[in-house]
Amino acid sequence: MSEEADHDHRPLVLMHRLPSFALPFRDRLHSHFRVLDPHASTTADETPQAFLSRHAASVRALITVGPSPVAVDLLDLLPSLQLVVGSSAGVDHIDVAECHRRGIAVTNAGNAFSEDVADYAVALLLDVLRRVSAGNRFVRSGLWPQKGEYPLGSKLGGKRVGIVGLGSIGSEVAKRLVGFSCRVAYNSRNKKPSAPYPYYDNVCDLAVNSDVLVVCCALTDKTHHIINKDVLTALGRDGVLINVGRGALVDEKELVQYLGRGEIGGAGFDVFEKEPEVPKELFAMDNVVLSPHRAVLTPESFEAVFEVIMANLKAFFSNKPLLSPVQHE
């Protein structure tokens with residue numbers, strides 16, 4: 001360790017990221033922390049792995065950027081690690097069980113992204129129902145003068161909307177849809193005593209009683225493919241599915257089949273099972289709206305998640321309660 005580092009009393013924080021991912025506010029962290037970034041600090045003579053090994057014993061806190069995985073192999077390299085700070089709402093890329101087994105606390109982005117994701121979910125729903133993107137393609141392709149009137153869309157107001165996962169994002173989605181006079185119901189791990197909406201403990205029952213399903217729950221072993229053929233059948237020919245959670249919450253192969261056969265009315269996706277790969281069958285479907293995992297990304301949400309990350313790090317190094325701890329189920 002250099003003499004300069006010996007005299008730098010800022011707490012040490014490791015930036016863990018894929019080479020293609022960067023934290024927009026990384027430079028702002030430097031005023032409070034000494035940030036180690038293997039992908040930005042290495043030279044031709046030292047690989048990121050070698051750089052990490054050289055500093056590993058000193059790292060007590062780690063920021064994981066985007067979907068960068070935090071698994072056993074990384075944890076084994078960091079014997080002093082006590083905190084993993086997630087920069088996203090979901091933590092399916094973090095081995096939370098193993099972290100807790102080792103006494104390592106985990107945090108996520110808390111509510112930083114909730115409002116923006118909720119806005120996006122409603123935007124996708126409106127687009128699917130009113131055929132906005134499809135109408136845009138119709139006009140741009142020059143078909144309007146040739147074919148005349150475009151097919152009708154459907155009204156949002158009064159729709160029965162089932163929300164799968166009434167957490168911070170799902171609650172914000174519900175709040176917005178109530179403003180459209182939608183009738184909201186939900187499924188969640190547990191019934192929420194303060195929620196004013198009907199609760200279904202089974203997703204199929206929720207789908208039977210919904211015109212729309214909005215999926216925004218966390219991805220876990222229990223929720224993997226929670227939207228399966230039974231749920232799609234229950235949702236029915238006119239039903240619409242919106243997913244702003246994680247791609248693997250939906251059985252994409254089954255969904256493609258249902259859409260292709262006209263056994264579901266439409267869908268809007270911001271997330272996919274094997275991003276950035278998307279089932280090609282969806283490209284030609286005018287009742288499907290596709291988005292490249294951008295629901296969380298606004299300048300305002302970046303600022304909000306920066307505040308959450310800073311608060312968690314400051315709390316940790318001051319021995320105070322963390323702002324957004326993740327509990328292991």
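Trainee: In which sense do β10 and β11 pair, and over how many bridges?

Mentor: This is a predicted model, in which local features need pLDDT of at least 70 and side-chain atom pairs count only at pLDDT 80 or more, while totals for chains, interfaces and linings use all residues. Residues are numbered from 1 along each chain as its sequence is written, and side-chain values use heavy atoms, with hydrogens and water left out. Helices (H or I, at least four residues) and strands (E, at least two) are DSSP runs numbered from the N terminus, and two strands pair if DSSP finds at least two bridges between them. Here β10, residues 266–269, pairs with β11 in the parallel sense over 3 bridges, and A267 has V288 of β11 as its bridge partner.

Trainee: In what order do the strands of the open sheet run, and which stand at its edges?

Mentor: The order of the 6 strands is β7-β6-β8-β9-β10-β11, with parallel pairing. Because β7 (183–187) and β11 (288–290) each have a single partner strand, one side of each is left without a neighbour in the sheet. From one strand to the next the twist averages 15°, where axes are lines fitted to C-alpha atoms, for helices over the stretch in contact, and angles run from 0 to 180 degrees between N-to-C directions.

Trainee: Which strands does α10 touch?

Mentor: Contact means heavy atoms within 4.5 Å. By that criterion α10 (residues 168–178) packs on the sheet, touching β6 (160–164), β7 and β8 (212–215), and its direction makes about 170° with that of β6. Its buried residues (under 20% relative accessible area, 1.4 Å probe, protein chains only) are I169, G170, E172, V173, A174 and L177, and these pack against α7 (114–130) as well as β6, β7 and β8.

Trainee: Is V35 buried or exposed, and what is it in contact with?

Mentor: Exposed would require over 50% relative accessible area, with partly exposed in between; V35 counts as buried because its relative accessibility is 11%. V35 is found in β2, residues 34–36, and, leaving aside neighbours within four places in sequence, V35 is in contact with V13, M15, R26, L29 and H30.

Trainee: How far apart are V35 and R246 in sequence and in space?

Mentor: They are 211 residues apart in sequence, and their C-alpha atoms are 29 Å apart in space.
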